[in-house]
Amino acid sequence: MGPRFLAPEAFERLRDVRASSPRTIRDTLASRRRRELLRGDGRLFIVAADHPARGALAVGQNPVAMADRYELLDRLAIALSRPGVDGVLGTPDIIDDLAALGLLDDKIIVGSMNRGGLRGASFEMDDRMTAYDVPRMVEAGIDVAKTLIRVNLDDAGTAATLAAMADAVTQAAAAELPIMLEPFLSRWVDGRIVNDLSPEAVILSIAIASGLGASSAYTWMKLPVVDDMERVMAATTMPTLLLGGDSGVDPDETFAAWEDALSLPGVRGLTVGRTLLYPPDGNVAAAVDIAAGLVHPSL
């Protein structure tokens with residue numbers, strides 16, 4: 001990466017805050033300027049950066065693309081500075097860094113909860129809550145919760161994951177905290193977990209996730225863009241954000257698929273990470289601006 005968007009002094013202040021005045025992070029989150037979840041056109045564009053906490057550092061063919069925290073924060077700062085970017089999805093370490101850098105005023109914060117199913121681990125399906133929990137999100141003023149729900153019918157670890165997810169949905173509804181569920185049907189293939197992206201599998205995953213918890217009143221969906229999205233979206237009445245997946249697919253094809261899916265009833269916007277933060281040409285601002293224009297056409 002070339003010259004950074006953020007000045008070196010910003011990172012020096014971040015290190016000093018973490019070392020000598022960590023309470024500043026809590027105070028900054030508590031006092032930040034907040035906004036309504038939906039405003040204007042009622043759509044959301046969220047930049048995602050919760051991958052590293054699950055041991056997923058790869059982008060395309062680079063297995064450690066997200067390993068440099070300073071570069072990741074710089075790319076996030078670029079994205080958050082662009083018109084039409086409504087907020088960020090991250091684990092506490094990412095959100096705390098961004099708060100200390102002063103980048104979260106007037107932004108939606110989506111807190112990622114379950115990162116315990118580490119990529120490549122034998123226990124990957126036992127996807128425990130190892131990041132945010134509902135009480136701490138409410139206390140910190142986090143706007144939305146998010147959980148990954150991978151259902152593997154051949155792995156008993158799925159049962160514990162579903163129970164944990166159901167409890168999170170129940171707690172979030174009781175706290176009137178919107179919670180975004182990201183469901184997949186998954187299976188082991190040659191020692192690794194692969195998500196089934198057929199329309200039928202995505203529809204089945206939606207049905208399973210929709211029934212979790214004692215109330216669905218605050219439940220949102222975070223769904224992949226797959227074939228036959230019209231039929232997929234007919235499987236839920238819940239507000240839905242589309243996820244972007246990994247980088248590597250032709251960007252023009254990706255943007256075209258998002259544009260088509262964004263026109264469907266129930267789709268409220270995008271939650272995209274690596275595809276935009278690490279675009280093939282390295283131009284984060286340009287990639288983010290294209291996506292923002294798809295979500296908010298009036299920009």
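User: Where does R128 sit?
Analyst: R128 is in the loop between β3 (108–112) and α5. Keep in mind that this is a predicted model.

User: Is R128 buried or exposed?
Analyst: R128 counts as exposed, because its relative accessibility is 52% and the cut-off for exposed is over 50%.

User: Which residues is R128 in contact with, ignoring its neighbours within four places?
Analyst: R128 is in contact with M113, N114, R115, G116 and G117. For N114 there is also a distance: the C-alpha atoms of R128 and N114 are separated by 5.3 Å, and the two residues are 14 apart along the chain.

User: New topic. How many helices and strands does the chain have?
Analyst: There are 11 helices and 9 strands in the chain.

User: And what radius of gyration does the chain have, next to a compact globule?
Analyst: The chain has 18 Å. A compact globule with 299 residues would have a radius of gyration near 19 Å, so the value for the chain agrees.

User: What box do the C-alpha atoms fill?
Analyst: Roughly 50 × 40 × 40 Å, taken along the principal axes.

User: How much of the chain counts as buried?
Analyst: Of its 299 residues, 53% count as buried. As for the surface, the accessible area of the chain comes to about 13,000 Å², and carbon and sulfur atoms account for 52% of that.

User: What about contacts between residues that are apart in sequence?
Analyst: Take the contacts between residues at least 6 apart in sequence: 70% of them join residues at least 24 apart.

User: Can you show me a buried residue? What about L270, where is it?
Analyst: L270 is in strand β9, which covers residues 267–272. Its relative accessible area is 0%, so L270 is buried.

User: What does L270 touch, beyond four places in sequence?
Analyst: L270 is in contact with L44, F45, I46, L241, L242, W258, L262, A291 and V295.

User: Which helix holds A172?
Analyst: A172 is in α6, residues 157–174. A172 is buried, because its relative accessible area is 0%.

User: And what does A172 touch?
Analyst: Leaving out residues up to four places away, A172 touches V134, L177 and I179. A172 and S216 are 44 residues apart in sequence, and their C-alpha atoms are 9.6 Å apart in space.

User: What comes between α6 and β5?
Analyst: A loop, and E176 lies in it; β5 covers 179–189. E176 has a positive phi of about 55°, although it is not a glycine. E176 counts as exposed because its relative accessibility is 57%.

User: How accessible is D228?
Analyst: D228 has a relative accessible area of 41%, so it counts as partly exposed.

User: What does P199 touch?
Analyst: P199 touches V226, D227, D228, R231 and V232, not counting residues up to four places away in sequence. So D228 turns up here again, among the contacts of P199.

User: Where is P199, then?
Analyst: P199 is in helix α7, residues 199–210. P199 has a relative accessible area of 11%, which means that it counts as buried. P199 and E230 are 31 residues apart in sequence and 9.7 Å apart from C-alpha to C-alpha.

User: Last topic, pockets. What is the volume of the second largest pocket?
Analyst: About 230 Å³.

User: Which residues line the second largest pocket?
Analyst: The lining is made of I25, R26, L29, A30, P92, D96, Y132, R136, E139 and A140. By class, it has 6 nonpolar and 4 charged residues, with no polar ones.

User: Which helices supply that lining?
Analyst: α2 (23–31), α4 (92–100) and α5 (134–140) each supply at least two residues of it. The largest share, 4 residues, comes from α2.

Technical notes:
Residues numbered from 1 in each chain as written. Predicted model: local features only at pLDDT ≥ 70, side-chain atom pairs only at ≥ 80, totals over all residues. Heavy atoms only, no water. 1 Å grid on protein atoms, 1.4 Å probe; cavity = no way out; pocket = protein on both sides within 12 Å on 5 of 7 lines; lining within 4 Å. Points joined across faces, edges and corners; volume = space filled by probe spheres on them. Nonpolar A, V, L, I, M, F, W, Y, C, P; charged D, E, K, R; others polar. Rg over C-alpha atoms; globule rule 2.2 N^0.38 Å. Buried < 20%, exposed > 50% of the residue type's maximum accessible area, 1.4 Å probe, protein only. Contact = heavy atoms within 4.5 Å. Areas by Shrake-Rupley, 256 points an atom, 1.4 Å probe, with all protein chains shown as cover.
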